[in-house]
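Here is a quick walk through one chain, from a few local spots out to the whole fold. Keep the viewer open while you read.

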Amino acid sequence: MSPNCFLAGRRALLRATTASAALAVAFTISTPVSADNETHSIPHAPEVLVEASAEPEPAQQVVTPDMINASPARDAGEFLARLRGVSAGRMGGHGSEISIRGQSEDRIAVIGDGAYVFGACPNRMDPPSSAMLLMSGDRITVRRGYQSVFDGPPAPAGTIRMERADPADMAAGFSGRIESGIESNGAQRFATMQARGVAEDGYVRAFATARRAGNYKDGDGRDVRAAFEQYGGGLETGWRYGAGSALSASVETDRVEDTLFAGAGMDSPWTATDTYRLALDHNIDGQGALRRIKASVYGSFVDHVMDNYSLRTPPAMVMRTDAESNTMGGRFAGEFSFSPTMLTLGVDHRSNNRDAVSRMSMGVIPPTSISGYTWPDVEIRDTGIFAESETSLTERTALTAGARVDLVAVSAGKADLLPAGMGAVTARQLYATYYGVSDTDRNETNLSGLLRVTHDFGSFAGWLGVSRAVRTADATERGIARASGANSWVGNPGLQPEKHHQIDLGIEMRRTRWSASTGVWHDNVSDFISRDTARGQPGVLMANGASIFRNVDAELTGLDLEGAWNFAPGWRLGGDATYTYGRNVTDDRPLYQIPPLEGTIELAYEVPDWSAGIRTRWAVKQTRADTNPLAGSGLDVRETPGYAVVDLFASRKVFGSVEFRGGVANLLDATYASHLSRSNGFDPAVVQVNEPGRSFYIQASLDF
């Protein structure tokens with residue numbers, strides 16, 4: 001195999017029908033194909049990427065929303081939690097917080113068609129995945145661990161990318177999809193539409209979605225505050241010029257209203273996210289080394305409101321927080337060919353500003369007295385310079401190498417503003433009280449990189465990778481400022497950046513009737529940024545139990561397994577399992593918010609026009625929990641019991657372009673909760689925010 005063929009195979013696209021895609025991922029395994037099978041026509045169903053068999057893709061999945069037949073996901077976080085190696089916790093029906101390799105929040109990069117979105121709620125009511133409209137892209141790529149320096153400032157746990165089809169691959173024509181569905185538990189209903197028109201020298205793509213759900217019942221029939229309403233849409237237009245070159249622009253908007261949270265002291269009447277993008281992909285014809293130039297700019301703007309009175313019975317002390325998170329950035333990169341090596345050199349920039357003002361009043365609605373600058377105008381600017389190469393060492397062996405340097409600058413523009421009230425303190429005074437640190441301006445130079453070897457052994461393929469990912473502290477970890485005695489929540493401007501040193505090792509085997517893969521990884525973390533309670537630890541001056549942040553050393557280790565067996569015509573049995581071990585080495589205790597051993601088992605039968613199956617989602621009891629705030633962080637609610645939940649699902653095609661799907665989620669009406677879910681503050685008989693009980697669903701789609 002020549003180097004060019006090898007690299008072409010690595011990027012090969014398989015356009016599959018919805019039915020074949022559903023079968024492939026329903027059993028957590030995809031059949032490899034070669035680049036020779038590629039076609040340049042536009043399918044009715046979204047595109048599915050399948051990597052060539054010559055090179056396995058370590059710790060990566062590429063999916064579309066219709067590839068898993070399950071109850072309608074309330075948001076992208078709930079959908080992603082159905083994938084191997086991804087978990088999620090909830091505090092309501094919307095805003096699921098995803099976790100990869102035992103890590104969450106800003107340790108995971110969420111990128112929508114090249115644009116970063118950071119939530120505007122200090123309490124994580126609106127994590128980035130909650131604003132990701134599932135129909136806004138053609139595919140979702142999930143990378144577990146630090147797999148590429150291209151993904152911007154390092155996210156050591158992994159990267160979620162919502163991606164759109166390459167304009168160069170679009171054939172002239174018009175296509176689209178309409179989908180709608182309902183779910184019984186919580187009366188969820190939704191409708192989505194996407195359409196694309198392509199001419200010889202340009203294209204237009206539009207999408208829209210609306211979703212509404214009420215409170216659902218858990219397996220014991222108890223109401224769980226989970227209602228919300230979400231709607232949004234977007235428009236993308238592009239100019240195709242030359243051979244494989246395009247200039248595109250897009251705008252996307254998302255609104256989430258009247259969101260109830262069982263696991264929070266407030267609800268959210270309003271969250272608005274607007275995202276703008278402009279991108280150039282220029283193909284260079286000729287014999288020189290420079291083959292392609294890519295440039296893009298984007299801006300994402302999030303406004304969020306939360307209060308404790310508009311969507312629940314007002315208490316005597318009413319509170320409201322108005323917050324915003326504005327992110328702007330861009331990238332410029334060049335792709336070079338030095339046979340047998342492909343090299344990409346580039347620079348990117350990302351600036352995120354988070355500002356939150358809290359108000360509080362006794363019985364006055366809305367409250368007018370400023371009680372705190374919860375995010376005191378914290379701005380984090382990151383400029384990265386990166387290089388990544390892919391080299392075909394032999395016909396069976398490939399080497400990936402990458403390096404990047406990130407120049408980070410931090411400021412807090414409202415650190416000296418004084419809230420109202422007796423005994424009020426500024427954010428800067430609060431930092432000095434808890435850590436003896438008052439300087440909020442910081443500069444860092446962070447070096448990250450990776451090496452990965454993949455090899456086809458003939459009977460199986462494997463990979464070995466090592467990486468270093470340095471993550472700077474986010475706006476909450478370094479700057480949150482809530483002064484309320486033992487209920488204070490105080491960021492630490494003096495935090496050192498996290499240094500993750502990971503190693504990945506895996507193999508995969510594929511045969512005519514069965515396939516299997518396994519991967520193991522270890523992450524040794526220096527200066528892990530741990531949320532904790534103030535007990536006078538080294539570097540912490542207070543011992544009042546307030547929520548604080550400090551650097552510790554930590555280690556995480558994990559194992560992933562998956563397999564599938566086509567034991568008879570039309571029949572397939574498959575399953576997967578993921579385990580993560582986390583330890584705070586400095587304090588010799590378990591890391592908080594680590595999911596237990598969990599996985600799925602599925603059995604299904606499929607013929608061209610219909611399919612049916614049964615799925616079991618399971619997890620064992622998590623006994624390694626950090627539940628005691630007097631000796632640890634207390635961020636784990638309990639040693640969460642294990643569970644096994646049974647789902648039924650089926651699909652039927654009518655007239656070729658119409659498909660009905662339906663099923664029963666949680667058939668046995670089990671009562672259970674994810675270990676990552678928050679405590680339930682509304683029902684004293686319920687410890688955590690439980691998952692939905694039995695629910696029937698049906699949905700229909702039309703491709704045109």
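Between which two strands is the loop with Ala187 found? Ala187 is in the loop between strand S9 (173-183) and strand S10 (188-199). Bear in mind that this is a predicted model.

Ala187 has a positive phi of about 50°, although it is not a glycine. Asp113 is another non-glycine residue with a positive phi of about 50°. Look for Asp113 in the loop between strand S5 (108-112) and strand S6 (115-116); at 29% relative accessibility, Asp113 counts as partly exposed.

Then there are cis peptide bonds to look at. One runs from Ser339 to Pro340, with omega near 10°, and Pro340 lies in the loop between strand S18 (317-338) and strand S19 (341-362). Another runs from Ile365 to Pro366, with omega near -5°. Pro366 is in the loop that links S19 to strand S20 (370-392).

Arg143 belongs to strand S7 (residues 139-144). Its side chain has polar contacts with two side chains, those of Gln60 and Asp151. Gln147 comes in the loop between S7 and strand S8 (158-163), and its side chain reaches back to the backbone oxygen of Arg144. Here are the distances:

| From | To | Distance |
|---|---|---|
| Arg143 side chain | Gln60 side chain | 3.2 Å |
| Arg143 side chain | Asp151 side chain | 2.9 Å |
| Gln147 side chain | Arg144 backbone oxygen | 2.8 Å |

Setting aside residues up to four places away in sequence, Arg143 also touches others, including Ala59, Ser148, Ala157, Gly158, Thr159 and Arg161. Gln147 is buried, with a relative accessible area of 8%, which is under the 20% cut-off. Beyond its neighbours within four places, Gln147 is in contact with Pro58, Ala59, Leu450, Arg452 and Asp504.

Leu464 sits in strand S23 (residues 461-471) and counts as partly exposed at 44% relative accessibility. Its C-alpha is 9.9 Å from that of Val520, 56 residues away along the chain.

Is Ala70 buried or exposed? At 11% relative accessibility, Ala70 counts as buried. Ala70 lies in the loop between strand S1 (60-63) and helix H3 (76-80), where it touches Arg82, Arg615, Tyr697 and Gln699, not counting residues up to four places away. Ala155, 85 residues from Ala70 in sequence, is 29 Å away, C-alpha to C-alpha.

**The whole chain**

Zooming out, the chain has five helices and 35 strands. Its radius of gyration is 25 Å, close to the 27 Å that the globule rule gives for 704 residues, so the chain is as compact as a globular protein of that length. The C-alpha atoms fill a box of roughly 75 × 55 × 50 Å along the principal axes.

Of the 704 residues, 58% count as buried. Among contacts between residues at least 6 apart in sequence, 67% join residues at least 24 apart. The chain exposes about 26600 Å², with carbon and sulfur atoms supplying 59% of it. As for charge, there are 67 positive and 83 negative side chains, and the centres of the two sets lie 2 Å apart.

Conventions
Residues are numbered from 1 along each chain as its sequence is written. This is a predicted model: local features need pLDDT of at least 70, side-chain atom pairs count only at pLDDT 80 or more; totals for chains, interfaces and linings use all residues. Side-chain values use heavy atoms; hydrogens and water are left out. Helices (H or I, at least four residues) and strands (E, at least two) are DSSP runs, numbered from the N terminus. A polar contact is a pair of N or O atoms within 3.5 Å; within protein, one must be able to donate a hydrogen and the other to accept it, and residues adjacent in sequence count only if both atoms are side-chain atoms. Contact means heavy atoms within 4.5 Å. The radius of gyration is taken over C-alpha atoms; the globule rule is 2.2 Å times the number of residues to the power 0.38. Buried means under 20% relative accessible area, exposed over 50%, partly exposed in between (1.4 Å probe, protein chains only). Accessible areas come from the Shrake-Rupley method with a 1.4 Å probe; for residues, only the protein chains shown count as cover. Lys and Arg count as positive and Asp and Glu as negative; His and the chain ends are not counted. The place of a charge is taken as NZ of Lys, CZ of Arg, CG of Asp or CD of Glu.
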